[in-house]
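Okay, thanks for having me, everyone. I'd like to walk you through a structure, so let me put it up on the screen.

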Amino acid sequence: MTWDPEQYHRHREARDAPARDLLALIPDLPYRDIVDLGCGTGEHTRRLAERFPAAQVMGLDSSAEMLARADARGVPNLQFERGDILDLGGEYDLLFSNAALQWLPDHAALLFGLWRHLRPGGVIAVQVPANHDHGSHRLLTETAEEFAAELGGFTRFGTAQGASPVLTPAAYAETLDELGGVDITAISKVYPVVLPGAEGVLDWTRGTALVPYLSRLSAEDGERFVTAYLGRLRERWPGERVFYAFTRVLFTARRG
Ligand SMILES: C[S@@+](CC[C@H](N)C(=O)[O-])C[C@H]1O[C@@H](n2cnc3c(N)ncnc32)[C@H](O)[C@@H]1O
């Protein structure tokens, strides 16, 4: 998938609030090794490195475009690496991930896999969006179904692909307990975003949810796809103001 950091950061303010909440949930412990899974352009990784100067902090991401904007200068305990979360190696005292794990399937299995990389006493802290049933996503799936031939039948949350991998806070808590996690926090929170009409919703999804579709289409088909999607968005939100109740799930636990 080809990410566009400029587009992603057009809504930086709104996207930053859940990350700040996640950072606030992390207890102050003497961490030695920290990894930020799906670090993107690395702003949160940098905040972790500055907050825990005694720890080695690594930002891991598969996108060359995002990592090209990641900046480790002036922070000696910070580094970035290109790689897949599913190929994670090593052991860490803090596994951090903000708005990235939703791109990976089967979250119970994923947590079991990640847990093996967490040292005893270590902390996992994750935030994932849980708004796949929101109109902006449903209309995207509908558009993808219209473009089934061009997309080879791909839909992210449609019938072909199954439901969103994101679990409920209760299901994350149960999985963490099964793994032997303690001090478990698992919450769902709505982050209100006000967008300027259907075009605003398009601009928001362009930075994230649209990425896997546009990555699979030629430039010309991509333009037709966006036009068809925008048509649906305008029908759903004909006004100039869209209140977007953006739901996210945050969870943390310590390995006992
Ligand atoms: C929505 S961005 C979030 C970036 C950053 N964590 C933030 O909060 O600003 C999602 C990031 O996850 C990365 N990503 C998605 N799947 C990945 C995978 N399997 N392995 C590594 N990175 C992945 C993408 O490249 C992208 O940079």
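Let's start with helix α5, residues 107–115, where His107, Leu111 and Leu114 are buried. Buried here is 20 or more other C-beta atoms within 10 Å of the residue's own, exposed is 12 or fewer, partly exposed is in between, and C-beta atoms are placed from the backbone. Helices (H or I, at least four residues) and strands (E, at least two) are DSSP runs, numbered from the N terminus.

Before I go on: this is a predicted model, so local features need pLDDT of at least 70 and side-chain atom pairs count only at 80 or more, while totals for chains, interfaces and linings use all residues. Residue numbers run from 1 along each chain as its sequence is written.

Next, α6, residues 135–146. Buried in α6 are Ser136, Leu139, Leu140, Thr143 and Ala144. These also share one side of α6, since their arc is only 145°. They pack against α7 (148–151), α9 (197–206), α10 (211–214) and α11 (219–236), with contact being C-beta atoms, placed from the backbone, within 7 Å.

Now strand β6, residues 181–195, which holds Pro192. Is Pro192 buried or exposed? Exposed, because it has 10 C-beta neighbours inside 10 Å. Leaving out residues up to four places away in sequence, Pro192 touches Phe243 and Ala245. Thr247 is 55 residues from Pro192 along the chain, yet their C-alpha atoms are 8.3 Å apart.

Last, the ligand. There are 19 residues around it, and Gly38, Gly40, Ser62, Ser63 and Ala100 come nearest; a residue counts as near if its C-beta atom, placed from the backbone, lies within 6 Å. That shell has ten nonpolar, seven polar and two charged residues. Nonpolar means Ala, Val, Leu, Ile, Met, Phe, Trp, Tyr, Cys and Pro, charged means Asp, Glu, Lys and Arg, and the others, Gly among them, are polar.

That's my tour, thanks.

Definitions and conventions:
The arc is that of the directions from the helix axis to the C-beta atoms. Two residues are in contact if their C-beta atoms, placed from the backbone, lie within 7 Å.
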